[in-house]
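Thanks for coming. I will keep this short and go from the overall fold down to single residues.

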Amino acid sequence: MFKHGKIWENRVTSNSDTAHFLSLHDGSQPHSAWQVCKHLPRLKKASHFLVRLCALWRPGNLPGTCRLCGTEFQDVLTHALCQCVVNELFRDNLWCALINLGPIELSVNLHQLTDCDLVTCLLSCKPPMDADAELVRHFAETVTTELYKLDKLITISKPFQ
Ligand SMILES: [Zn+2]
């Protein structure tokens, strides 16, 4: 029994899908976006959208050309969130909402992340540092609310089809 458990554990820990899943989820608990939805039912659609993004997103898995700015990208979500010049207003609003959460350490830590790590951080709904429960909750609520605006942006402009 122990031998099979060890083999399974080795397979799971070396599996890239598992590593990706664990970068976005706690593993044993529902995703943070669902916990936001539990406290703020009005964010149910936003939570659903964010969890859908988690299921679809893999760094660099969907290269293409943006119809909005004409730039080639390695993955559509990283481009939309961090690089597309046409989405600057969305990005400015996202950063303003995150900065307004308070501690300067949060802004500094977010700005130090690579684009890919920033997308991972946002999709996980967890601040990139140790934080008290109130900041963790507000971060998750803010990210869930702001990323849902991306759904409308994509629906309206259909830049990546
Ligand atoms: Zn673009």
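The protein chain contains nine helices and two strands. Keep in mind that this is a predicted model. Reading from the N terminus, the order of elements is α-α-α-α-β-β-α-α-α-α-α.

Next, burial and contacts. Of the 161 residues in the protein chain, 25% are buried. Taking the contacts with a separation of 6 or more, 54% are accounted for by residues 24 or more positions apart.

Now to helix 3, which covers residues 32-39. Which of its residues are buried? They are S32, A33, V36 and C37. Viewed down the axis of helix 3, these buried residues fall within an arc of 150°, so they line one face of the helix. The spacing follows from a general point: an α-helix has 3.6 residues a turn, so residues three or four places apart point the same way. And what does the face turned away from the buried side of helix 3 carry? That face has the exposed residues K38 and H39.

Last, C125. Where is it placed? C125 sits in the loop between helix 8, residues 115-124, and helix 9, residues 133-157. Is C125 buried or exposed? Within 10 Å there are 27 other C-beta atoms, and 20 or more is enough to count as buried, so C125 is buried although it lies in a loop.

The backbone at C125 also deserves a look. Most residues other than glycine have a negative phi. C125 is not a glycine, yet its phi is positive, at about 65°.

That is my last slide; questions are welcome.

Technical notes. Residues are numbered from 1 along each chain as its sequence is written. This is a predicted model: local features need pLDDT of at least 70, side-chain atom pairs count only at pLDDT 80 or more; totals for chains, interfaces and linings use all residues. Helices (H or I, at least four residues) and strands (E, at least two) are DSSP runs, numbered from the N terminus. A residue is buried if 20 or more other C-beta atoms lie within 10 Å of its own, exposed if 12 or fewer, and partly exposed in between; C-beta atoms are placed from the backbone. The arc is that of the directions from the helix axis to the C-beta atoms. Two residues are in contact if their C-beta atoms, placed from the backbone, lie within 7 Å.
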